[in-house]
Amino acid sequence: MSLKESSDELNPPVVTRGAVIARAPGGKRSASDFLSLALATCGVGYLPLAPGTWGSMVGVVLYLLLRLASLRFINAFYSGDAVNRSLVESLYTMLSLALIICLTAAGVWAATRAEKLLGRKDPGAVVVDEVAGQLITFLFIPLGLNLKWWLVLAGFLLFRAFDIWKPYPVRRLEALESGLGIMADDVLAGIYAAVCLLLLTTIYLLS
């Protein structure tokens, strides 16, 4: 038996079978190989010291960019009608959910291919799962909320905590095959973090 390679150095290793897997046949890599590695690593997977944390930071940046673009859209087209504003809120949530679903599906493909290219089970360089999980964490934050920096920080820390702690059944999802196992545990960690962040947001709004 060998140790499963973690995408974050702070995460205690999990003993699994077959942590080292057969690499894809040698030779010149195809365009799809480079695409899968680029998507799987999100440009930060090879950075030193806890690549999973870097991946989460990418998720935070994507969330803030999406939120900023949506707010600019409202400022440009919002007529003051409460119905229109409610519609924009719904569209924003649907857009965020669609982005997460597409990223998760693409991440399963990219992570599966990256395992073969890198010859490792759940290689540390693969961080697209952290990006998706971090986006899920902020899914229930209303667009109309005056976002505070501490809520963003809380969302980041909550997801990192659940991703590293891996409470039941998050850790068991790692046993799923290839990219599905890589993505599934972080998706559930993101859901746990989202529920906690929603609770914090509700307390903040009621206080």
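**Figure 1. Overall fold of the predicted model.** Read from one end of the sequence to the other, the protein chain follows the pattern β-β-α-α-α-α-α-α-α. The model is a predicted one. Its secondary structure comes to 7 helices and 2 strands. The protein chain has 207 residues, of which 45% count as buried.

**Figure 2. Helix H1 and its buried side.** Helix H1 spans residues 31-41, and its buried residues are Asp33, Ser36, Leu37, Ala40 and Thr41. These residues lie on the same side of H1, because the arc they cover around the axis is only 115°. An α-helix has 3.6 residues a turn, so residues three or four places apart point the same way. The exposed residues Ala31 and Leu35 are carried by the face of H1 turned away from its buried side. Just after H1 comes Cys42, with a positive phi of about 55°.

**Figure 3. Ala50 in the loop between H1 and H2.** Ala50 is placed in the loop between H1 and H2. Its phi is near 55°, a positive value in a residue other than glycine. Ala50 has a relative accessible area of 11%, and it counts as buried because this value is under the cut-off of 20%.

**Figure 4. Helix H4, with Gly59 of helix H2.** Helix H4 covers residues 128-137 and is mostly covered, with 10 of its 10 residues buried. Among these buried residues are Asp129 and Glu130, as well as Val128, Val131, Leu135 and Ile136. Gly59 has its place in helix H2 and is buried, at a relative accessible area of 0%. Between the C-alpha atoms of Gly59 and Ile136 the separation is 9.1 Å, while along the chain the two residues are 77 residues apart.

**Figure 5. The largest cavity and its lining.** A search of the whole structure finds 2 cavities of 30 Å³ or more. The volume of the largest cavity is about 70 Å³. Its lining consists of Tyr63, Leu66, Tyr92, Ser96, Ile100, Leu135, Phe138 and Leu139. Two or more residues of this lining come from each of helix H2 (51-77) and helix H3 (82-118). H3 gives the largest share, 3 residues. Sorted by class, the lining has 7 nonpolar residues, 1 polar residue and no charged residues.

**Figure 6. Aromatic pairs, with Trp150 and Tyr204 in close-up.** The structure holds 4 aromatic pairs. In the pair of Trp150 and Tyr204, the ring centres are 5.4 Å apart and the planes stand at 85°, so the pair is edge-to-face. Trp150 belongs to helix H5 and Tyr204 to helix H7 (residues 178-206); the pair links distant parts of the chain, 54 residues apart. Trp150 is partly exposed, with a relative accessible area of 31%. Tyr204 also counts as partly exposed, at 25% relative accessibility. Elsewhere, ring pairs link Phe162, Trp165 and Tyr192 into a cluster.

**Figure 7. Arg160 in helix H5.** Arg160 is found in helix H5, which spans residues 149-165. Its relative accessibility is 5%, so Arg160 counts as buried. The side chain of Arg160 makes a polar contact with the side chain of Thr53, at 3.5 Å.

**Figure 8. Backbone geometry at Pro169 and Ser178.** Tyr168 and Pro169 are joined by a cis peptide bond, with omega at about -5°. Pro169 is found in the loop between H5 and helix H6 (170-173). Ser178 has its place in helix H7. Although Ser178 is not a glycine, its phi is positive, at about 45°.

Notes: Residues numbered from 1 in each chain as written. Predicted model: local features only at pLDDT ≥ 70, side-chain atom pairs only at ≥ 80, totals over all residues. Heavy atoms only, no water. Helix = DSSP H or I, 4+ residues; strand = E, 2+ residues; numbered from the N terminus. Buried < 20%, exposed > 50% of the residue type's maximum accessible area, 1.4 Å probe, protein only. Polar contact = N/O pair within 3.5 Å; in protein donor to acceptor, adjacent residues only side chain to side chain. Arc of directions from axis to C-beta. Phe/Tyr/Trp six-rings, centres within 6.5 Å; stacked < 30°, edge-to-face > 60°. 1 Å grid on protein atoms, 1.4 Å probe; cavity = no way out; pocket = protein on both sides within 12 Å on 5 of 7 lines; lining within 4 Å. Points joined across faces, edges and corners; volume = space filled by probe spheres on them. Nonpolar A, V, L, I, M, F, W, Y, C, P; charged D, E, K, R; others polar.
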